Each structure stands twice: as structure tokens, then as C-alpha cells.
Amino acid sequence: MTDMIHNPAAGDSAVLPHRVPWRAVIVFVILACGLAWAVALPLWLDGGLANPISGLLLPVMMFTPTIAMLVVVLVLRSPAQHRLRFLGMWPLRPAGRTILFLVLGLFGPWVLSLIIAGVSALFGWAIIDPENSVVAQQLAATLPGDVDRELIMTVIIVQIVATPFNAILSSLLAVGEELGWRGWLTPALRPLGTWATLLLTGVIWGLWHSPIILLGYNFARPDLFGVLLMVVGCVAWGILLGWMRLRTASVWPAVLAHGSLNASAAVFLALFDAGQLDLALAGPLGAAAWIVLAVVIAILLVTGQFRRQPAPLMPVAWSPAPGAVPAPPASSGSHVADIGDSRSDTDGRAG
């Protein structure tokens, strides 16, 4: 095996990738982004997001990172073995921590979205007016006659309360992205250090959305500024999703959190006056979200949460690039902290 480093805190058999498999990373990024553009191409050729098939193509696009992951894993053999463990798909232990983070992933983005909505209203970036919200307008367009105010409020309350349950369904699509971003790319980049890994993954995740952002998706800003907004939003949320991935050695909490984030868009559509809603300021990926997420990230940083990362128990083997000289084995005195800026998590040895 090549490019390894031993982690004696988890036993002699425990290793982490010693170097970033750049060849595989480049192939992964090109494939994920290239396939996303290919899927979105019919929208660019005819009608943009108004094209009737957009509702089909957008979910398909969410699985392009998984396709890219399968190519680098099965064709480039990165990693060559113990793939489910490396991808964070299995095993789900320690069970208690995994369950805790699954619950956090399911409800966390929903709670944060409610806080973001409050901050948006506090700063005057949006007006809380459910009767004139997007949801109210949709009801008015669907139901005959005047829509009763009580009915509007009932539907809105139900929609907001049901968001975590809708997140479970949304996660069925989010898994298509997360098996790529947090499943494969995050651990592949991990030798760069925690923060470089989280930031670079977030930037790539944000840029991957370019084919639809440039059509006006999310921010109704079909330009490079819209792409920049998406990148910043993905970096902010990506730090939290990446933290969940590294903290548990499991991809599933990030899958649920991603699904919950997508489902939580309903909070903003149900609460705010549609005529005054600017998602670049008041949306789940806008400026208000950056403020709230920065506070959460700061709290995690101060409490040392980014330093607690369990290492995989089983060896992770990488296929060397053609002509590459195998790296010498690391000395027995090496430690997980030698990879980036983390410490081994003594209660996470089961990964």
C-alpha cells in the first residue's frame, strides 16, 4: 500500500491517506461538473428553468457527484479497498454518536433556517407576512375564490412544522450529492488539513451549481455574482456538513443535513412577503445565513469540535499514479494530528 500514515491511537491497522490523490480528485471534479453541465444543457438550449423537463433534470443533476465517485473508486481504484468505510457508508458506530448526529442533521438546518429568517426580519432584509408569501400566492392560484386567512395560516404552520419530515424525502436526492462531496471528496482532501479540506470542498460544491445558477436558480441572479453567492453559501453550510462527516466518520448525518437544508427553503417561502423577498439577503444561502452560520462555526471552533475526528480502523489503500514511486511507510510514532490540524478522538476509535 502507498501514501499511508499510521495512527497508533486507533491500533496498528489504522491508517489515513498520507497524500491527496490529486489525479483522482481532478478526474472526480471534472466528471462531476462536466456531467452537471451535460444534464443542464437541454435547459440552456430551450427555455431555461421554465422548460417543463427542468423538474426532471434537476434531480438527475444531483446524482452526478455519485457517478463521478463511482468512476474514481471503481476505475481509478481510489481507494483500492475498504471502500464503504472510506466513504463513510459503513459501519455505523459508535452507534450513540451516529444516532445523535443523524438527529442533529435532520433537525439542525430546520432550526437554523428559523433563526436565519428571524435575523433577516431583524435586519429589515425581508418582511414577515405569511398572507402575501409565495405559499399564499400558490394557494390563491390553486383554490377557487378568495382564500381564507385561517386556511393560509394553517397551511403555513403545517408546512413549517412538517419540514423535518419532508427532509427525509429530500435526503433521497441529497444522497446523490453527498456520496460525492462528503463521502469521497472530503476524506480524499483530508491530508490538506481540516480547514483547507472544508473550504475547498465547499468551493467545488458551490461551483458545481453553476449550470443552473447562471439560469437564475436560487437567487434569480443569472450572472457571476449569483455563482459567487452560491459558492459562499455552500462554503458556509459545507463547513457544518463537513464537520459532521469528520466528527462521525459517517456520511449519513451530512446526507440528512443536506436534505433538511433543501427542505427548509419552505420556511422562507411560507413566512416572507413574496414581493419583498431577496434570497441573496434573506434566503437559506444568503447574507443572513452567513451571519448565523458564522456564529455556529465559531462556537464549534472555540469548543474544539473540529479537532475531534475519529480515524478509520481499517487500512485505506490508494492505487498510485502510473510511474509513481511508492511512499515509504510512516514511522510508528506518527499520529493523526500529522495530517492537517486535528487530534485523534479517543472515544471515536471505532470510527
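**Exercise 1.** In which helix is glutamate 178 found? Decide also whether glutamate 178 is buried or exposed, and name the partner of its side chain in a polar contact.

*Solution.* The model used here is predicted.
Step 1: Glutamate 178 lies in helix H8, which covers residues 163–189.
Step 2: The relative accessible area of glutamate 178 is 0%. Buried means under 20%, so glutamate 178 is buried.
Step 3: The side chain of glutamate 178 makes a polar contact of 2.6 Å with the side chain of histidine 258.
Step 4: Leaving out residues up to four places away in sequence, glutamate 178 touches Gly183, Leu241, Val251, Ala254, Val255 and His258.

**Exercise 2.** Locate isoleucine 204, classify it as buried or exposed, and find its separation from valine 29.

*Solution.*
Step 1: Helix H9, residues 194–208, holds isoleucine 204.
Step 2: Isoleucine 204 has 12% relative accessibility. Because the cut-off for buried is under 20%, isoleucine 204 counts as buried.
Step 3: Along the chain, isoleucine 204 and valine 29 are 175 residues apart, while their C-alpha atoms are separated by 7.6 Å.
Step 4: Val29 is also one of the residues that isoleucine 204 touches, with Trp181 and Leu185, when residues up to four places away in sequence are not counted.

**Exercise 3.** Describe the chain as a whole.

*Solution.*
Step 1: The chain has 15 helices and 4 strands.
Step 2: It has 351 residues, and 53% of them count as buried.
Step 3: Of the contacts between residues at least 6 apart in sequence, 80% join residues at least 24 apart.
Step 4: The accessible surface is about 15,100 Å², and carbon and sulfur atoms account for 70% of this surface.

Technical notes: Residues numbered from 1 in each chain as written. Heavy atoms only, no water. Helix = DSSP H or I, 4+ residues; strand = E, 2+ residues; numbered from the N terminus. Buried < 20%, exposed > 50% of the residue type's maximum accessible area, 1.4 Å probe, protein only. Polar contact = N/O pair within 3.5 Å; in protein donor to acceptor, adjacent residues only side chain to side chain. Contact = heavy atoms within 4.5 Å. Areas by Shrake-Rupley, 256 points an atom, 1.4 Å probe, with all protein chains shown as cover.
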